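Thanks for coming. Let me put the model on the screen, and then I will go through a few parts of it.

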Amino acid sequence: MNKQDSAGPPASTTKPWNDPKVRSIFFQAVLLIAVVFSGMYIFGNTADNLERQGIATGFGFLGTTAGFGIITHLIDYSEASSYGRAFAVGLLNTLLVAFCGIIAATIIGVIVGIARLSKNWLVARMAMVYIETFRNIPLLLQIFFWYFAVLRALPSPKNSVNFADGVFINNRGIYMPSAIYEDGFSLVIWALLIAIIGVVVMARWAHKRRDQTGQQFHTVYASIGLLVGLPLLALIVAGFPLSWEIPALKGFNFVGGTVIIPEFVALWISLSIYTASFIAEIVRAGIQAVSHGQTEAAHALGIKAGPTLRLVILPQALRVIIPPLSSQYLNLTKNSSLATAIAYPEMVSVFTGTVLNQTGQAVEIISVTMGVYLSISLGISALMNWYNAKMALVER
Amino acid sequence: MTSETQYAPGSHPELPPPPSTVGVVGWLRGNLFSNTTNTLLTIFAIYIVYLLVPPAISWTLFNADFSGDSREACDSGGACWVFINVRLGQFMYGFYPVEERWRVDSTFILLVVLMVPMFIDSFRHKAWLGAFILFVYPVIGFYLLAGGSFGLVEVETPMWGGLSLTLIIAIVGIVGSFPIGLLLALGRRSKMPAVSAFCTGFIELWRGVPLITVLFMSSVMFPLFLPEGVNFDKLIRALVGVMLFSAAYMAETVRGGLQAIPKGQYEGAEALGLTYWKSMTFIILPQALKHVIPGIVGNFIGLFKDTTLVLIIGLFDFLGIVQAASTDPKWLGYSIEGYVFCAMVYWVFCFSMSQYSQSVERKLHTGH
């Protein structure tokens, strides 16, 4: 209402409570106060409840001796190890099953997705039946099926299925020979490292030569030769510094060798099959998103069906495929937590299950578990975003 | 027959297509045996079908036992559906008392009867009916199921179970998460930084963690959050967890719809002088929600499958009760039948919902 200052814009006649800026600040303040107060309320209640139950807060419990065994661990672990160590074992098991699952699901998914688009009626139908069956059945049910109905029904260790007297399959798991490295094996590892460096150098050289002269070089065959041949040569030179420990039946079970427990197998199979059905649909949608003219043009240039798919269609389809694919990878990682239903010792089962029951540190344990999954989620999506950006640069 | 007949230009009679390209033979040649690779693939596929399908059919149907009331009736070597037959009541209703099961039936029948007009295009009062279903029906349903008043015997929630519990969790979860998800989606797109940050954080937190940790949280952490003496039932806690989890996914689906609305619609609504809530209710959301119906159905399918996880925190949903039944000493060794039956039920629900969502998608696509 200030009339003197006529040079500026006319003073606003809006009431302060109608001014969008004031309102926005007001609403945000209300939200903030509500969040802070409910946070304090929850915090206060939790502190009261914990005090009454006599549970000490904090992460001190991580150093305490766990006192329970874990059937499979990638790092050294015994009953005398700490809760923190048990957590690490669980986390590594989660990552292991997620990693194996992602690889298997991608392979099955890409094959089924391409088969879904096959011109062969029967093959396309079979792929469709696969997709529609497995994605409409809850994952937990599939895990139960594989674990209780299939793997638990395998013969007992005494009547194991035997492959070449080295691999034994029974209801306690898959027993395989494990390698024992002797002196001089480091030579083989060095040879492998040199081979990997050689492959990288060769790929660069071949790429450069193709850009300059247009001549193709069969990098794939040469790489395989290098990767297999060089370590093999080192193995021969060093005089086979490698022996195998073969599992042997002693009493009621096998002793020695490496064992893959049935819990892992059940989880791995069901996660891969279930996620593959979603990946197949993503691959199909991605391929269909590449215009049909691309296929026709490639055929017109005389490129055969296989190379057309590999060199023309898939690189373009990948751009469409990668964002939803990354979210399927995340889903698979998160779904690996269902292992707790069949007691595969991954993070949720070990940490949120056993450790929580023993210590009662609910708040700390659940926050840590959620934090780990959140970081994995954010990590994978950051990685995928980076890859996505890299792929998008190719677009012209 | 002389092939040298002369035709005036344009007077040649139309010849039928070569016999190898039409009919069954033509179809086979075109789709299954067009070249060597294709033929090999076909033979391989037929072999796989031969390996899988006949044994499966004879196991489920021809060699199966259907009637009887104990495991002695199962002697033909195939599936023992007697197990399912005997336990069917429990699979559907859990431990709900037998003489009170009509209450569960009528709750679901009432819902179906109320839902039917929503799918009839010419029905006029959809808004009123929708409001009735959303606000009045849950109250009726709750009193019918839980009882304790109106002369009904009280049935406590630990007695609920089976397929009916699965449906209750899925329906309450999706209906309850819808308004929360809507608000979160609007909040995430808000111009107020605090609101948008809060909603984004909330959504990403729930989307980044597996449902199982949310359920663990609801079963062990929620009781700690509440003041002394206040305690909720296990089912309610699980429902809250499921709702918050699914609200985050719902929010992202709705946000997709909001982003698909052209900017002109927002500006047009603003130019007409509509307030934020009016422009959302009358202009933006009706258009956005129409586009995300398939997405919402997809969320519902996901949630329906995810309800199986409640068995881990000790509720007996459909899978939980089948799992419990198959460890019953009287029926040991028939877990495959239990899982197959369970899988078929889930499959029928999920598949029909996904077909429905695809038909809606097709219906919406023709509009443009």
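M192(B) counts as partly exposed, because 17 C-beta neighbours lie inside 10 Å of it. The cut-offs here are 20 or more other C-beta atoms within 10 Å of a residue's own for buried, 12 or fewer for exposed, and partly exposed in between, with C-beta atoms placed from the backbone. M192(B) is found in the loop between α6 and α7 (193-208) of chain B.

Before going on, a word on the model. It is a predicted one, where local features need pLDDT of at least 70 and side-chain atom pairs count only at pLDDT 80 or more, while totals for chains, interfaces and linings use all residues. Residues are numbered from 1 along each chain as its sequence is written, and chains are lettered from A and ligands numbered from 1 in the order in which they are written.

Which residues is M192(B) in contact with, leaving aside its neighbours within four places in sequence? They are S24(A), F27(A) and Q28(A). Contact means that the C-beta atoms of two residues, placed from the backbone, lie within 7 Å. By contrast, I168(B) is 24 residues from M192(B) in sequence, and 37 Å separate the two from C-alpha to C-alpha.

That brings us to the contact between the chains. It takes 46 residues from chain A and 42 residues from chain B. On the chain A side, α1 (20-53), α3 (121-135), α4 (139-151), α9 (305-335), α10 (347-359) and α11 (362-393) each supply at least two residues. α1(A) gives the most, with twelve residues. By class, the side of chain A that touches chain B has 29 nonpolar, 13 polar and four charged residues. Nonpolar covers Ala, Val, Leu, Ile, Met, Phe, Trp, Tyr, Cys and Pro; charged covers Asp, Glu, Lys and Arg; the others, Gly among them, are polar.

Now chain A as a whole. Chain A has eleven helices and eight strands. Its radius of gyration is 29 Å, whereas a compact globule of 396 residues would have one near 21 Å. That radius is taken over C-alpha atoms, and the globule rule is 2.2 Å times the number of residues to the power 0.38. Along the principal axes, the C-alpha atoms of chain A fill a box of roughly 100 × 70 × 45 Å. Of the 396 residues of chain A, 29% count as buried.

The domain assignment of chain A gives domain 1 (83-138 + 262-393) and domain 2 (183-240). Such bounds come from an automatic or database domain assignment. Taken over C-alpha atoms, the centres of these two domains of chain A are 30 Å apart.

Next, the sheet in chain A. Four strands form an open sheet in the order β1-β2-β3-β8 (chain A), with antiparallel pairing. Two strands pair if DSSP finds at least two bridges between them. Why do β1 (161-163) and β8 (258-260) of chain A each have one side without a neighbour in the sheet? Both stand at the edges with a single partner strand each, so one side of each is left without a neighbour.

β1(A) and β2(A) are joined by three bridges, and N162(A) has F168(A) as its bridge partner in β2(A). These two strands form a hairpin with three residues between them, and A164(A) in the turn has a positive phi of about 55°. Strand β2 (residues 167-170) is also joined by three bridges to strand β3 (residues 173-176), both of chain A and running antiparallel. β2(A) and β3(A) form a hairpin with two residues between them, and N170(A) stands opposite G173(A) in β3(A).

In a regular strand the side chains alternate between the two faces of the sheet. For β2(A), F168(A) and N170(A) make up the covered face, and V167(A) and I169(A) the uncovered one.

Last, chain B. Its domain assignment gives domain 1 (82-96 + 155-365) and domain 2 (97-154), with 19 Å between the centres of the two domains of chain B, taken over C-alpha atoms. The contact takes eight residues from domain 1 of chain B and twelve residues from domain 2 of chain B. I will stop there.
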